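Please look through the structure below with its charge pairs and helix packing in mind. The paragraphs after it go through these topics in turn.

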Amino acid sequence: MTAPLKHSDPVHVDVALGDRAYDIVIGRGVLASLGERVAALRPGVRTAIVTDRTVAKYWLEPAEASLAASGIPTARVVVEEGEISKTYAGLEKVSEALIAAKIERNDLVIALGGGVVGDLAGFAAAILRRGVDFVQVPTSLLAQVDSSVGGKTGINSPQGKNLLGAFHQPVLVIADTAVLDTLSPRQFRAGYAEVAKYGVLGDEAFFTWLEKNHSDIFKGGSAREHAIATSCRAKAGVVSRDERETGERALLNLGHTFGHALEAATGFSDRLFHGEGVAIGMTLAAQFSAKLGMIAEADAMRVERHLIAAGLPTRLQDIAGFAQEGLADADALMALMAQDKKVKRGKLTFILLEAVGRAVIAKDVEPTPVRDFLKDKLAVKA
């Protein structure tokens, strides 16, 4: 684990991918250095910023000003906030706007926003002129610790989450912790689920630190920067060893098999943010691990207790409109999980726990125990 950072000291995390390696720059106020860093990386470049309407109110003009100060021309593409933009229609809008802006292969697309914008802009960059490089400027906690790092880009299908996409690594990530001050409490909590995930899946010492310091992370200060840097280092290490998720990288999907099914069941709406789905999914994964005898009940309770302390949902009954058809039906949820990207030849793959801080990939999980487990959880009184 890193030593806690001072606000004035940006930290650089290297994503070691050979000639495609890139830096994650983390610190308060580092958005102001965007233009300088882009100019050093690509002299003479032109850019286009993809962002959403909410982020644009706060951070589009500062980003444009930084680029202009370094003599970098830029266009802007503004989409609607939320998963509604991470669709075929959203991809068409962004792609056509980038073409109209005359973004060429040697130019850069800049994703200024949360996970939706990063995934959407990154996928558009991956397919534009058969591949244009891009820069991630994540503006949510979830994006800073997870989705902006590792090159996963894509959009949703009506049949499931992230079913269309490409591995397309950014050339730079600028994670300004000051931008998190404009997030709503709910958005910040949702992002925190991904921070907790790194401790649960592979670093018990970090999880213990989070149990003691999570309130300081929510308040801001060096604890927040420390948590982001530690999370980014964990993900960067996994990505550098398994870029295309043929093995170890699948561990980063802890909680996602359940969580993605719940997002699909709620129509990818604000009834359930992605991080909230991950929190419920992690809790279910821990409880299912306990049911299989892989971990002690006390360990599963420890995971749930911490997520509750952070203000996150942990039960199916915590989801708005829980009783609606498709969410309170085990068979419907099983059908959605069958569309998970980790499914192979119809067999479910889950990320389960052998201990807090030690996740494993469980392949060929039989559906009957999962269905029975979900029925038990659905039967719990709200």
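**Salt bridges across the chain**

Arg-42 counts as partly exposed, at 24% relative accessibility; buried means under 20% relative accessible area, exposed over 50%, and partly exposed in between (1.4 Å probe, protein chains only). This is a predicted model, in which local features need pLDDT of at least 70 and side-chain atom pairs count only at pLDDT 80 or more, while totals for chains, interfaces and linings use all residues. Residues are numbered from 1 along each chain as its sequence is written, and side-chain values use heavy atoms, with hydrogens and water left out.

Which residue does Arg-42 form a salt bridge with? The partner is Asp-133, and the closest N and O atoms of the pair are 2.5 Å apart. A salt bridge here is a side-chain nitrogen of Lys or Arg within 4 Å of a carboxyl oxygen of Asp or Glu. Arg-42 lies in the loop between α1 (34-41) and β3 (47-52), and Asp-133 in strand β6 (residues 133-138), so the pair ties together parts that are 91 residues apart in sequence. Helices (H or I, at least four residues) and strands (E, at least two) are DSSP runs, numbered from the N terminus. Asp-133 is also partly exposed, at 22% relative accessibility.

By this rule the count comes to 23 salt bridges. Another of them joins Arg-53 to Glu-80, with 2.6 Å between the closest N and O atoms. Because Arg-53 lies in helix α2 (residues 53-69) and Glu-80 in the loop between β4 (74-79) and α3 (88-100), this pair ties together parts 27 residues apart in sequence. Both ends are partly exposed: Arg-53 has a relative accessible area of 44%, and Glu-80 has one of 38%.

The closest N and O atoms of Lys-161 and Glu-263 are 2.9 Å apart. The pair links distant parts of the chain, with Lys-161 in strand β8 (residues 160-167) and Glu-263 in helix α9 (residues 256-265), 102 residues apart. Elsewhere, salt bridges that share partners join Asp-146, Glu-194, Lys-197 and Lys-235 into one network.

**Packing of α9**

Helix α9, which holds Glu-263, packs with helix α12 (residues 330-337) at an angle of about 110°, with the axes 9 Å apart. Axes are lines fitted to C-alpha atoms, for helices over the stretch in contact, and angles run from 0 to 180 degrees between N-to-C directions. The angle makes α9 roughly perpendicular to α12, a class that covers 65 to 115 degrees. On the α9 side the contact (heavy atoms within 4.5 Å) is made by Thr-257, Phe-258, Ala-261, Leu-262, Ala-264 and Ala-265, and on the α12 side by Leu-333, Leu-336 and Met-337.

**The segment before β1**

Pro-10 is found in the segment before β1 (11-15). Pro-10 is partly exposed, with a relative accessible area of 38%. Leaving aside neighbours within four places in sequence, Pro-10 is in contact with Val-25, Ile-26, Gly-27 and Val-30. The C-alpha atoms of Pro-10 and Thr-177 are separated by 9.9 Å, although the two residues are 167 residues apart along the chain.

Methods: Parallel < 35°, antiparallel > 145°, perpendicular 65-115°, else oblique.
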